[in-house]
Amino acid sequence: MEVQTVPSMTIKDATQYLESQLAPLYDAGEAQAIAAWVMEDLCAMDTLNLRMHGEELLSAAQQSDMEAYLQQLQQYVPVQYVLGKSYFFGYTFYVNPDVLIPRPETEELVDLVLQYVKAQPGRPLRVLEVGAGSGCISIALKKKAPQLQLTSVDIAAGALAVARKNAVALQADVAFVEGDFLDEAIWPQLGPVDIIVSNPPYITEAEQEAMETHVLEQEPHSALFVTNGDPQQFYRSIARFAAHYLQPGGAVFLELNQHFAGATQALYQAEGWTADLLRDLNDNDRMLRCTR
């Protein structure tokens with residue numbers, strides 16, 4: 001789709017123009033939010049200042065960037081990839097198509113781990129994250145609880161490059177390991193640990209039809225989909241790892257596929273865990289807290 005050539009615009013006009021161009025692709029609220037995010041980035045202003053300076057003209061460079069961004073957005077590229085950043089737990093993370101875009105639901109998983117950590121003051125806890133992605137989980141944990149020793153494993157070199165970049169930018173000491181967690185040969189170098197946390201691939205191929213275009217076509221499939229149609233693939237592997245490498249009194253925290261959450265809970269209960277199924281802010285079964 002070609003982007004229209006437009007004359008010099010004020011900030012206010014440019015915002016309205018973006019909203020009108022995005023309206024056929026997104027619902028009204030999302031189109032407004034994306035337009036606001038683009039304008040905040042272009043003008044280096046927050047929402048309040050954008051309104052206060054709404055009659056100021058965009059520079060030629062700003063307008064050129066806006067139209068380049070719009071062209072990508074009209075091809076369903078998520079705004080986070082277009083701008084190269086996303087926000088998670090109060091921090092700004094670099095993102096690109098090698099990693100999933102951090103979700104608000106995953107912030108709740110991080111908060112759950114931090115609650116557990118606060119209940120055990122003074123212990124030098126070792127944490128393993130299965131599936132580093134952008135590094136947002138491990139880095140947020142390290143920033144909020146500097147005493148933690150973090151290791152994060154991922155099979156994708158591209159994702160680990162993003163995670164390491166974020167760790168440097170946010171000054172978070174996290175050890176990133178490249179490897180396939182499903183290959184038990186790498187487990188000895190990952191443990192022992194006191195906490196396991198993971199938002200693993202858990203979507204089955206059958207669920208693709210219900211997914212939004214900008215997720216299905218843009219975000220990395222290796223981080224979204226299980227490879228064998230088994231939504232419990234990673235959860236079983238994590239349970240086996242925990243049986244050998246989780247220290248006594250340790251805990252496992254998992255983000256879940258809401259459609260298979262009960263089955264995941266049953267899997268851990270069958271292995272002797274106390275497995276608490278927790279809902280997210282959208283009232284979906286989203287997290288599992290496992291202790292024994």
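The expected span of a helix is taken as 1.5 Å times one less than its number of residues, and helices (H or I, at least four residues) and strands (E, at least two) are DSSP runs, numbered from the N terminus. The structure is a predicted model, in which local features need pLDDT of at least 70, side-chain atom pairs count only at pLDDT 80 or more, and totals for chains, interfaces and linings use all residues. Residues are numbered from 1 along each chain as its sequence is written, and side-chain values use heavy atoms, with hydrogens and water left out.

The chain comprises 12 helices and 9 strands. Of its 292 residues, 52% are buried, where buried denotes under 20% relative accessible area, exposed over 50%, and partly exposed the range in between (1.4 Å probe, protein chains only). The accessible surface amounts to about 13600 Å², with 49% of it belonging to carbon and sulfur atoms; accessible areas come from the Shrake-Rupley method with a 1.4 Å probe, and for residues only the protein chains shown count as cover. Contacts are defined by heavy atoms within 4.5 Å. Among contacts between residues at least 6 apart in sequence, 65% join residues at least 24 apart.

Helix α1 (residues 11-22) has 12 residues and should therefore span 16 Å at 1.5 Å a residue; the end C-alpha atoms are 17 Å apart, in agreement with that value. Its buried residues are Ile11, Ala14, Thr15, Tyr17, Leu18, Gln21 and Leu22. Viewed down the axis of α1, these buried residues fall within an arc of 160°, so they line one face of the helix; the arc is that of the directions from the helix axis to the C-beta atoms. An α-helix has 3.6 residues a turn, so residues three or four places apart point the same way. The cover over the buried residues of α1 includes α2 (28-43), α3 (47-52) and α4 (60-73).

Strand pairing was assigned where DSSP finds at least two bridges between two strands. Strands β3 and β4 pair in the parallel sense over 5 bridges, and Val130 has Val153 in β4 as its bridge partner. Strand β4 (residues 149-154) is mostly covered, 5 of its 6 residues being buried. Strands β8 (residues 274-279) and β9 (residues 285-291), in turn, pair in the antiparallel sense over 6 bridges, with Arg289 in β9 as the bridge partner of Asp276. The two strands β8 and β9 form a hairpin with 5 residues between them, and Asp283 in the turn has a positive phi of about 65°.

Arg126 lies in strand β3 (residues 126-130) and Asp194 in strand β6 (residues 193-198), so the pair ties together parts that are 68 residues apart in sequence. Arg126 is partly exposed at 27% relative accessibility, whereas Asp194 is buried, with a relative accessible area of 6%.

Arg279 is partly exposed, with a relative accessible area of 48%, and Asp283 is exposed at 51%. Salt bridges that share partners join Arg279, Asp283 and Asp285 into one network.

Several backbone features were also identified. Most residues other than glycine have a negative phi, and most peptide bonds are trans. A cis peptide bond, with omega of about 5°, joins Gly191 and Pro192; Pro192 is located in the loop between β5 (174-178) and β6. Tyr76, although not a glycine, has a positive phi of about 70°. Tyr76 is placed in the loop between α4 and α5 (79-83) and is partly exposed, with a relative accessible area of 28%. Phe89, likewise a residue other than glycine, has a positive phi near 55°. Phe89 occupies the loop between β1 (86-88) and β2 (91-93) and is buried, with a relative accessible area of 19%.

Note on methods: A salt bridge is a side-chain nitrogen of Lys or Arg within 4 Å of a carboxyl oxygen of Asp or Glu.
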